[in-house]
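Please consult the sequence and the coordinates as you read.

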Amino acid sequence: MEKKEISQAVITRLPRYYRYLGELLENSIERISSNELSKRMQVTASQIRQDLNNFGGFGQQGYGYNVKYLHTEIGKILGLDDKHNLIIIGAGNLGQALANYTSFERIGFVIKGLFDINPKLNGITVRGIPVKRMDEMQNFIKEHSIDMAILTIPKERAIEVATMLVDFGIKGIWNFAHTDLNVPDDVVVENVHLSESLMRLSYNLKQEENKNNVK
Ligand code: NAI
């Protein structure tokens, strides 16, 4: 298939398609029309056709989409056909909560270790995953072929730790610390801000309240 540049807007929507298609597969649904998918996802059918056409159009007239094929192809685009080994830096509340979450593994993200500067945490395990010392990190990354790191430490230390991770060969950082990281071009960072999502919820709630007040 000829690869063309896919817009970030489409990429942002792909995980949602992937999730819905995964649910269809679990329910043994083998094919689906764009209209049916549109009803389930509450996205217009034309948006769906447009999005999925980016990959050479997996749909066939009168047949709809082959769910398994589409799920696999979107998975490939998202890089989910490769397994990723991860470490978590910062084994506090958030780091431990993420380590306790089992669903990442189902989509190929395996958390191999946690790292923390707090000596009290060193040696404990979270869901069987060991919490290690920071000076053990470099070897651990090599030994376990780690390519991604989750950063759940205070923002004051995030930049320095990210630099260290990059030096040790990490190529992807899932950054929960509230600061922008300065990394080389070949390293990708995905920032997560739960509070921004909460602010959007607050905004939408306010809109609804305003509408009701007008009525
Ligand atoms: P926490 O205080 O429970 O855990 C932080 C852990 O990081 C501690 O165990 C500490 O010993 C460790 N740590 C500190 N400096 C370190 C270093 N240089 N190297 C290795 N480990 C180090 O805090 P919590 O609640 O888990 O939050 C962690 C971070 O995530 C905070 O910066 C917080 O603001 C942020 N956060 C971000 C959210 C988001 O949506 N982006 C949501 C919740 C928290």
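Q: How do α1 and α3 lie relative to each other, parallel or perpendicular?
A: This is a predicted model, in which local features need pLDDT of at least 70 and side-chain atom pairs count only at pLDDT 80 or more, while totals for chains, interfaces and linings use all residues. Residues are numbered from 1 along each chain as its sequence is written, and side-chain values use heavy atoms, with hydrogens and water left out. Helix α1 (residues 8-26) packs against helix α3 (residues 45-53) at about 105°, with 11 Å between their axes (lines fitted to C-alpha atoms, for helices over the stretch in contact, with angles from 0 to 180 degrees between N-to-C directions). Since angles under 35 degrees count as roughly parallel, over 145 as roughly antiparallel, 65 to 115 as roughly perpendicular and the rest as oblique, α1 and α3 are therefore roughly perpendicular.

Q: Which residues of α3 does α1 meet?
A: Contact means heavy atoms within 4.5 Å. The residues of the contact of α1 with α3 divide into three nonpolar, one polar and two charged (Ala, Val, Leu, Ile, Met, Phe, Trp, Tyr, Cys and Pro count as nonpolar, Asp, Glu, Lys and Arg as charged, and the others, Gly among them, as polar). From α1, the residues V10, R13 and Y17 take part, and they meet, in α3, Q47, I48 and D51.

Q: How many helices and strands are there in the protein chain?
A: Helices (H or I, at least four residues) and strands (E, at least two) are DSSP runs, numbered from the N terminus. The C-alpha atoms fill a box of roughly 60 × 50 × 35 Å along the principal axes. Within the protein chain there are nine helices and nine strands.

Q: What distance separates the centres of domain 1 and domain 2?
A: The domain assignment, automatic or from a database, gives domain 1 as 8-77 and domain 2 as 84-195. Taken over C-alpha atoms, their centres are separated by 32 Å.

Q: Is H84 buried or exposed?
A: H84 lies in strand β3 (residues 84-89). Leaving aside neighbours within four places in sequence, H84 is in contact with G79, G108, F109, V110, D147 and M148. Buried means under 20% relative accessible area, exposed over 50%, and partly exposed in between (1.4 Å probe, protein chains only). At 13% relative accessibility, H84 therefore counts as buried.

Q: How far is G108 from R13 in space, C-alpha to C-alpha?
A: G108 belongs to the loop between α6 (103-106) and β4 (109-115), and its relative accessible area of 13% makes this residue buried. Beyond four places in sequence, G108 is in contact with D82, K83 and H84. G108 and R13 are 95 residues apart in sequence, and their C-alpha separation in space is 19 Å.

Q: Which is the relative accessible area of N93, a residue that UniProt lists under "binding site"?
A: The unreviewed UniProt entry lists G90, A91, G92, N93, L94 and G95 for this feature; positions follow the numbering used here, feature names are shortened, and annotations may be inferred rather than shown by experiment. G92 lies in the loop between β3 and α5 (93-100) and is partly exposed at 32%. N93 is found in helix α5, and N93 is exposed, with a relative accessible area of 76%.

Q: How far apart are the end C-alpha atoms of residues 80-180?
A: UniProt, in an unreviewed entry, lists residues 80-180 for "domain: CoA-binding". The span is 32% helix and 27% strand, and the distance between its end C-alpha atoms is 26 Å.
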